[in-house]
Amino acid sequence: MADKKELHFFVLSEYEEEEKYLCDMAKKGYLFEKVTLPGIYYFKKSEPENRIYRIDFNPQKKKNRESYLQMFKDYGWEYIQDLNEFTYFCKLEDGTEDEIFSDNASRIDMLERIYHRKVMPLLVLFLCCIIPQGMRMTIGGNYADPISIAFYILWIVCIFLYIVLITRCIAGFNRLRKKYDIK
């Protein structure tokens, strides 16, 4: 049983912010145990520690799984968990290399994998399903009863949230690409 649970939401492009959040919690004496969807973080109470947390995107879970985890272990990283193709690692801060990427090109490569595997399907879903359904509801909707009106309002709110999340995610990826641009 976790000593502390927190609900915290990060979009796909905010993995660095998530890593910092986990490091800050360790400094407060709460060690990260696991995260479940929709962003419930479980922590174990301990002495404050300077831990470093890193998140890698690994869509090939079964392929070369053992060698993938062994590589991180060889560099001192402790495997914590996988969630939605993201793998969580940590280690005590010891003055050695605290990055899991050897260079900025590797970081950009991971961003591209996340973008193509996670963001593009969300955009396609939005363009092919959500917008046409919203237009159909707007043009041909009969909103005489309160339930129909409530569903229409709920649909508008969902579309708005979807647009905000996609925009926030794409803007985050653009910011990270500029940050790690190797030109």
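Modeller: Two strands count as paired when DSSP finds at least two bridges between them. The model discussed here is a predicted one.

Biologist: With that cut-off in mind, how many bridges join strand 5 to strand 6?
Modeller: Strand 5, which covers residues 78-83, runs antiparallel to strand 6, and across this pairing Tyr 79 stands opposite Phe 89 of strand 6. Pairing requires at least two bridges, and for strand 5 and strand 6 the count is 5 bridges.

Biologist: Which residue takes a positive phi in the hairpin of strand 5 and strand 6?
Modeller: The hairpin leaves 2 residues between its strands. The positive phi there is near 55°, and the residue that takes it is Asn 84.

Biologist: Which strands are the edge strands of the open sheet, and what is the average twist from one strand to the next?
Modeller: The open sheet has 3 strands in the order 4-6-5, with antiparallel pairing. Strand 4 (51-57) and strand 5 each pair on one side only, and these two are the edge strands. From one strand to the next, the twist averages 20°.

Biologist: Are helix 1 and helix 4 roughly parallel or roughly perpendicular to each other?
Modeller: Two packed helices are described by the angle between their axes and the distance between the axes. For helix 1 and helix 4 the axes are 10 Å apart and the packing angle is about 85°. Angles of 65 to 115 degrees count as roughly perpendicular, and helix 1 and helix 4 are therefore roughly perpendicular.

Biologist: How many residues in the contact of helix 1 with helix 4 are charged?
Modeller: Helix 1 contributes Tyr 15, Glu 16 and Glu 17, while helix 4 contributes Arg 175, Leu 176 and Lys 179. By class, 2 of the contact residues are nonpolar and none is polar, and the number of charged residues is 4.

Biologist: Which element gives the most to the lining of the largest pocket?
Modeller: The largest pocket has a volume of about 670 Å³ and is lined by 25 residues, with Phe 9, Phe 10, Val 11, Leu 12 and Asn 84 lying nearest its centre. Two or more lining residues come from each of helix 1 (15-27), strand 2 (30-36), strand 6 (86-92), helix 3 (104-140) and helix 4 (146-179). The lining divides into 19 nonpolar, 4 polar and 2 charged residues. With 4 residues, the element that gives the most is helix 4.

Biologist: Which element gives the most to the lining of the second largest pocket?
Modeller: About 360 Å³ of space lies in the second largest pocket, whose lining of 15 residues has Met 71, Phe 72, Ile 100, Phe 101 and Ser 102 nearest the centre. Helix 2 (65-74) and helix 3 are the elements that give two or more residues to this lining. By class, the lining has 6 nonpolar, 3 polar and 6 charged residues. The most, 3 residues, comes from helix 3.

How values were computed. Residues are numbered from 1 along each chain as its sequence is written. This is a predicted model: local features need pLDDT of at least 70, side-chain atom pairs count only at pLDDT 80 or more; totals for chains, interfaces and linings use all residues. Side-chain values use heavy atoms; hydrogens and water are left out. On a 1 Å grid over the protein atoms alone, a cavity is a set of points where a 1.4 Å probe fits but cannot get out, and a pocket is an open set with protein on both sides within 12 Å along at least five of seven lines; lining residues have an atom within 4 Å of a point. Grid points are joined across faces, edges and corners, and a volume is the space filled by probe spheres set on the points. Ala, Val, Leu, Ile, Met, Phe, Trp, Tyr, Cys and Pro count as nonpolar, Asp, Glu, Lys and Arg as charged, and the others, Gly among them, as polar. Axes are lines fitted to C-alpha atoms, for helices over the stretch in contact, and angles run from 0 to 180 degrees between N-to-C directions. Angles under 35 degrees count as roughly parallel, over 145 as roughly antiparallel, 65 to 115 as roughly perpendicular and the rest as oblique. Contact means heavy atoms within 4.5 Å.
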